[in-house]
Amino acid sequence: MNSQHFRVAVVQDAPILFDKQSAMDKIDGHTRDAAEKGAGLVVFPEVFLGGYPRGLSFGTRVGSRNADGRKDWERYWESAIDIPGTETDTLGELAKETGVYLVIGVVERDQEFSRGTLYNSMVYIGPDGKVLGKHRKLVPTGSERLLWGQGDGSTLTVIDTPFGRIGGLICWENYMPLARTSMYAQGIDIYIAPTADARDTWQATLRHIACEGRCFVISCNQYSTKDSYPADLACYEDVEQDPDILSRGGSAIVSPLGEYVVEPLYNEKGILFATLDLSQIVQSRYDFDVVGHYSRPDVFQLVVNRKKQDITQFL
């Protein structure tokens, strides 16, 4: 494979909810499988490690929270990881052994202040075993705000690799035009968009981003069913009457001109593979470069606050 071609793998699966070891085992198995099939980049869905608790209320109503919900929250907190930490060390060993770049959606526990806050994060690990960076979701969507804090501009991460610059945004952050522009302005070539959105409208978003940013777009979603939920959850009745399939997936890979490289996978788990022709990135920007010759900096200016949050300034 020459430098203009690069093979990627996109994992569509789900671990046991709130079961950290289940997620770690699946990451290990799928990564080894993908590496054996020639992938140099392996991508996992939004909060794969820790889990996306679709349908759970955590005992919350407007104005109140109940004791059962607090018990489920404790399980969620226990299933989160530190970055860096024991789990990222293990994942680093896996990446080094298999020679791949790993991009994994995780539930991240705050290490700097109270340790009580969780974040919806995306962690980047290189084939040297090192954590290359992370991104924290800027705005959790809807009731997700009960679960995760808000990230800041310090983790609008784009990383140099031998096959181009990789980075991305999580789920509905991708509907934030200025957040997307901050990615484009960093010269992103492979744009990663993990999600929990399995609707048809999400596919239009992916294709739009590819055309707008003239980059490859990789989207990764979980295929999850009710049997991935522990029956002893304190609030299990929240999902008891839900359909068996909680998330149908929809992972896909899109080219810089908005065409599917791999069409969406629905209603089953699996790994999507594609060999990306990186020359398409430069070719696609011939007639449209959103932050280059097609921008108007005399009219529009983007200002990004990349300072890290520091709550101590308010104490």
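Tutor: Angles under 35 degrees count as roughly parallel, those over 145 as roughly antiparallel, 65 to 115 as roughly perpendicular, and the rest as oblique. The model is predicted, with local features needing pLDDT of at least 70 and side-chain atom pairs 80 or more, while totals for chains, interfaces and linings use all residues. Residues are numbered from 1 along each chain as its sequence is written, and side-chain values use heavy atoms, without hydrogens or water.

Helices (H or I, at least four residues) and strands (E, at least two) are DSSP runs numbered from the N terminus. The axes of α1 (residues 20-36) and α3 (residues 86-98), which come within 10 Å, cross at roughly 10°, on lines fitted to C-alpha atoms over the stretch in contact, with angles from 0 to 180 degrees between N-to-C directions. The two helices, α1 and α3, are therefore roughly parallel to each other. In their contact (heavy atoms within 4.5 Å), residues of α1 including M24, I27 and T31 meet residues of α3, among them L91 and L94.

Turning to the sheet, strand β10 (residues 190-194) has five of its five residues buried, meaning under 20% relative accessible area with a 1.4 Å probe on protein chains only, where exposed is over 50% and partly exposed lies in between. I190, I192 and P194 cover one side of β10, and Y191 and A193 the other. Strands pair if DSSP finds at least two bridges between them; β10 runs parallel to β9 (residues 164-168) with three bridges, and parallel to β11 (residues 216-220) with five.
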